[in-house]
Structure formats: structure tokens, C-alpha cells
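Subject: Structure handover

Hello,

Here is the structure I said I would pass on. My notes on it follow below.

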Amino acid sequence: MAETNIVDMRAIEMVFDGIQVLKKASFSLRRGEVHALMGGNGAGKSTLMKVLTGVYRKGAGTVLIDGAPVEFTGLAEAERAGVAMIFQEFSLVPTLTVAQNIFLAREPRVGRAFLNDAEAVRRARAVLAELGVDIDPRTPVEQLSVGLCQMVEIAKALAKSARILVMDEPTASLSESETDALFKLVERLKGNGISIVYISHRMAEIFQVCDRITVMRDGETVLTDTCAKLSMDKLVEAMLGSTAGASMTWHARDHALGTTPVLEIENLSLEGHFEAVSFALKPGEIVGLAGLMGSGRTEIAESIFGLRRPTAGQIRVGGKPIRNNRDAIDAGVGLVPENRRTQGLVLDHSLLNNIMLPNLARFTRRFILDETAATATARDFIGRLKIKTDGPGKIARMLSGGNQQKIVLAKWLARQPKVLILDEPTMGVDIGAKSDIIEIVRRLAAAGAAVLVISSEFEELLAMSDRLLVIQGGRLVQELDRREIGSEEVLHHAVQG
Ligand code: ADP
Ligand code: MG
């Protein structure tokens, strides 16, 4: 039994600034398995893995690798023992090439001499080929997409002959296709006998790639089992504790809807994307757009927000036609985009600046920003949305995915939108943040806003929507009252056609 575990962590304790962050946490990794580590923000996942990889020194407990106790004094020592970690924040140097990055910390040597660039390129090419990744090793890293940067990080770890690889939220900022490529890579690594710890919030992807799951909550390990034996409900309960799932339950909302539609879409078409779509939203209503990836949902949202120019049809908000983004914003339409990292946030700016960006007019008098008022508002939203940060001055890039998504929400909520469109509002956020976001949306609608939600997670659509519009191949094929939908299956069926 003992020898099937390549890693054994027992009763690990860790204290930061007087706060006990790990409380007798345990974790084991079997040889050649992919083991998911889950839990809400701040549960201690990254910290536990940083203890394993020598980034942090534990307060108490035992770490065994191959049955022998280890006490790494740093990442370099862990790497020499075959343990590597890919961090939430990338460690690549943008101006250097892929090859230089892969071998940066440890230039390849022949005998005692440093290898030249040509040799580094040759070796990088071999490592990348082994990963099935098609990148020219001479490309500067700054020219690569996030997905490819992730691949380079992995290549870098493997070039150091890692046997144990920790991936900390690897898909948090990847696109759909990049995520698929990463899954294939994980399979491949597993096939090559590498044991993997996979930290992620995304249930669906965990069930797709992992063998076992461990859940942490408040610094403790609360659950470990094989995927086959775990249901989503059980995981949610383990992650949230007693408050499990409450926000995921739909209740018919009792506030009155407005009588005049605030958003009217009439015969709207965008060639190649969607055709003759008509619907209307009343104030106070939450309507879900259900459909498969590529069915035209995002394009419909972007057209309403004036980012795309429809080839036919009409959009009206409060009776006024919307022809472009300016019209949409002036009419009180907000969009929380699908790709928040590139569209929703200025990552290098502070929370304050991000929240205030669409609200400058309200806080500016004679071209001077009223900083006190702006900061107060930002603080208010940080509190209301439970954004985990030490203050509004923090740079957005430094926050976790769930908290970044809340900033994008705050930015639009501060504007008090009449119509808010949310495109995959909880993608990549943990379950705690997810239920917070769902609650925020409900409250916004209760206050009279009309909300249009796009989500690939049916559970979430069903938790929020009063009504569902089913989009197939760019056409609105069905409209369902939430009360008619007894189970998720009904919606699955409708969407698949
Ligand atoms: P997770 O990865 O599960 O989201 P972390 O391991 O990053 O959680 O954090 C666990 C707790 O430890 C959090 O409360 C966090 O604020 C705290 N923490 C993490 N790293 C540090 C650090 N370097 N200094 C102080 N506190 C930290
Ligand atoms: Mg973390």
C-alpha cells in the first residue's frame, strides 16, 4: 500500500501572520494518477502544494516521497528530486525565447560547458514534440497565447525531469480549445507515468481528467475519494460545509415584473451567426439563453451591447433603438463578457480603476475625479461582493479568477444598469464565489434590472432564470417557463434538439 503512494503528506500545519492556514492537512498521490485538489478560495490548496514543493517550510507534519521523509529548502531542491509546480502566476520571461525559457534556470550543459542557443533550441524542440505541442522554440514568449505559455511552463517542468507535477488552476485563463489541448497533454503525461496534482474549480473538467479528488476547506482536508464514487452534490457540500447548495436551488421569485418590456429584440440577424431572433425582457426578469457552444449566444449578447452590427432586425431599450455600443451604454445596457481577462478587465490597473472605468462621468466634476467618493464606492462593492483583497488599490492581475469576475460585475453594478447581460458569469470561479454571484444577480433583478444570462452550466441557468430561451444553430427554437422544467434533463434535451 505504502509504495503505491509517491507522495504522502500527513498532519501538515502552517501558520501565516498568526493565522493557522493549514490544520493537520493530509494529501496522498498515487504513482501515475491525476489527483484533483479542490476547495474554495483561501482553502489552503496552493499553500499545501507550496509546502510539498519547498516554496514554504511547514510548521509541523511529515512529507514522504517514495516513502522517505523529505524537507525541501526551496523549489530548486524539489525540482532536483523530480517535483515541479506550475503556478497560478506564470514564471516565464516574456522577452526571451521559448527555448531560453525552458532552459533558463538550468542551461543545458555538455560536460562542464554551457550549451549554445542552437543546442537549447534542439532540446526544446524535442521536449515540445514529446508534449505534442507545435511551437517554434525560437519564438519570443511574449508572442504566445496564454494557452501556449501554459504549455511552455509544462515543457519547462518536464525538461527538469519532473515525476511529480503540480498544476495550480491551469485552465483559469485558457480558452475552450486551449483547455482541450491541455487535457490531451495531461492524459499524455499520465501515460508517461507522471503523477499529477490538478488544482481546479471546474467540476466538469475534473470529472473528465482526474482519477481521485481531495477537497480542502479552511485549511483542512475534508474528503478524498475516487471520481467514480463522488457526485457533484457531494463535492459542493464538502467545499461549502453546511450551507451547501442553497444558492443553487431555484425559487419562484415573488417580486412583480414590470409590464412594459425594457429590452426588445425583433427579427435580429447576424449573417453566419444567428437569424430572425425575437424576444423581450421585462424589468425585474432573469432570462437564460441556453444553447451549445457556437450556437450564437455570445454573438446575440454582443449585438445587443452594440459590439456587432446586425445584418437585419431591431434592438430597442426603453423604446429607443440601439445602433452601436454608445447607444447601448447610454441606454443603460451592461455586458459582463465571457473572456473577462481580455475584455472585462484592465489587468494591470487597480481594482478602483477597473470598477470606476465605466463610471467616470458620475465621479468626475469639471474633469476632476472625486477620488474620495470613487474609493468609497469601490470599497462598498468590495464588501458587498465579498471580493477578497487588501484594498481597492490592489492590481487586478493579483486576484484569483473568482475575485476578478466579481470586479467585472462590480464595474457594471456601480452603473446601475437597466439591462445587464452576463456571458458565462461564473466560468472558472469557485463554488463559494459562484453562489455569491448568483445571489448578486438575483438581487439586481429584484431591484428592477432585466438580466440576460448565458451559461453552459445548466444547473446555474436553472438556479437563476425565470424563463429560458433555447438557441440552436443561431435560431431561437423554444421558450420555456422555468416552472415547466422539472429537471436538468429537460433542458439538456431541449438544447440538444
Ligand atoms: P487556495 O489556493 O486554496 O485558494 P491559499 O493556499 O492560496 O488558498 O491560501 C490559504 C490562506 O493562506 C488564505 O487565507 C491566504 O490569504 C493565506 N496565505 C497564502 N499565502 C500567504 C502568504 N504568503 N502570506 C500570508 N498569508 C498567505
Ligand atoms: Mg490557490
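What is the order of the four strands in the open sheet? The order is β2-β1-β4-β5, and the pairing is antiparallel. At the edges are β2 (19-30) and β5 (68-69), each of which pairs on one side only. Strand β1 (residues 5-16) and β2 are antiparallel and share eight bridges; in one of these, Met14 has Leu22 in β2 as its bridge partner. Please keep in mind throughout that this is a predicted model.

Next, the ligand. The residues around ligand 1 are Phe16, Asp17, Val21, Gly40, Asn41, Gly42, Ala43, Gly44, Lys45, Ser46, Thr47 and Tyr56. By class, this shell has four nonpolar, six polar and two charged residues. Helix α1 (residues 45-52) gives the largest share of the shell, with three residues.

- Thr47: a polar side-chain atom is 2.5 Å from an oxygen atom of ligand 1.
- Ala43: a backbone N or O atom is 3.2 Å from an oxygen atom of ligand 1.
- Tyr56: an N or O atom in the side chain is 3.2 Å from a nitrogen atom of ligand 1.

On its own, ligand 1 has 560 Å² of accessible area, and the protein covers 62% of that.

Then the salt bridges, of which a search of the whole structure finds 30. One of them joins the side chains of Asp66 and Arg163, at 3.0 Å from N to O. These two are 97 residues apart and link distant parts of the chain: Asp66 is in the loop between β4 (60-65) and β5, and Arg163 is in the loop between α5 (146-159) and β9. Asp66 counts as partly exposed because its relative accessibility is 38%, and Arg163 is also partly exposed, at 31%.

Another salt bridge is formed by Lys406 and Asp436, again with 3.0 Å from N to O. Lys406 is in helix α15 (residues 401-413) and Asp436 in helix α16 (residues 431-446), 30 residues apart. Both residues are buried. As for shared partners, salt bridges join Arg31, Asp66 and Arg163 into one network.

Arg138 and Asp136 also form a salt bridge, their closest N and O atoms being 3.0 Å apart. Here Arg138 is exposed, at 51% relative accessibility, while Asp136 is partly exposed, at 32%.

Last, Ala172 lies in the loop between β9 (164-168) and α6 (176-191). Ala172 is partly exposed, at 30% relative accessibility.

Regards

Conventions:
Residues are numbered from 1 along each chain as its sequence is written. Chains are lettered from A and ligands numbered from 1 in the order in which they are written. This is a predicted model: local features need pLDDT of at least 70, side-chain atom pairs count only at pLDDT 80 or more; totals for chains, interfaces and linings use all residues. Side-chain values use heavy atoms; hydrogens and water are left out. A residue is near a molecule or strand if one of its heavy atoms lies within 4 Å of it. A polar contact is a pair of N or O atoms within 3.5 Å; within protein, one must be able to donate a hydrogen and the other to accept it, and residues adjacent in sequence count only if both atoms are side-chain atoms. Accessible areas come from the Shrake-Rupley method with a 1.4 Å probe; for residues, only the protein chains shown count as cover. Ala, Val, Leu, Ile, Met, Phe, Trp, Tyr, Cys and Pro count as nonpolar, Asp, Glu, Lys and Arg as charged, and the others, Gly among them, as polar. Buried means under 20% relative accessible area, exposed over 50%, partly exposed in between (1.4 Å probe, protein chains only). Two strands pair if DSSP finds at least two bridges between them. A salt bridge is a side-chain nitrogen of Lys or Arg within 4 Å of a carboxyl oxygen of Asp or Glu.
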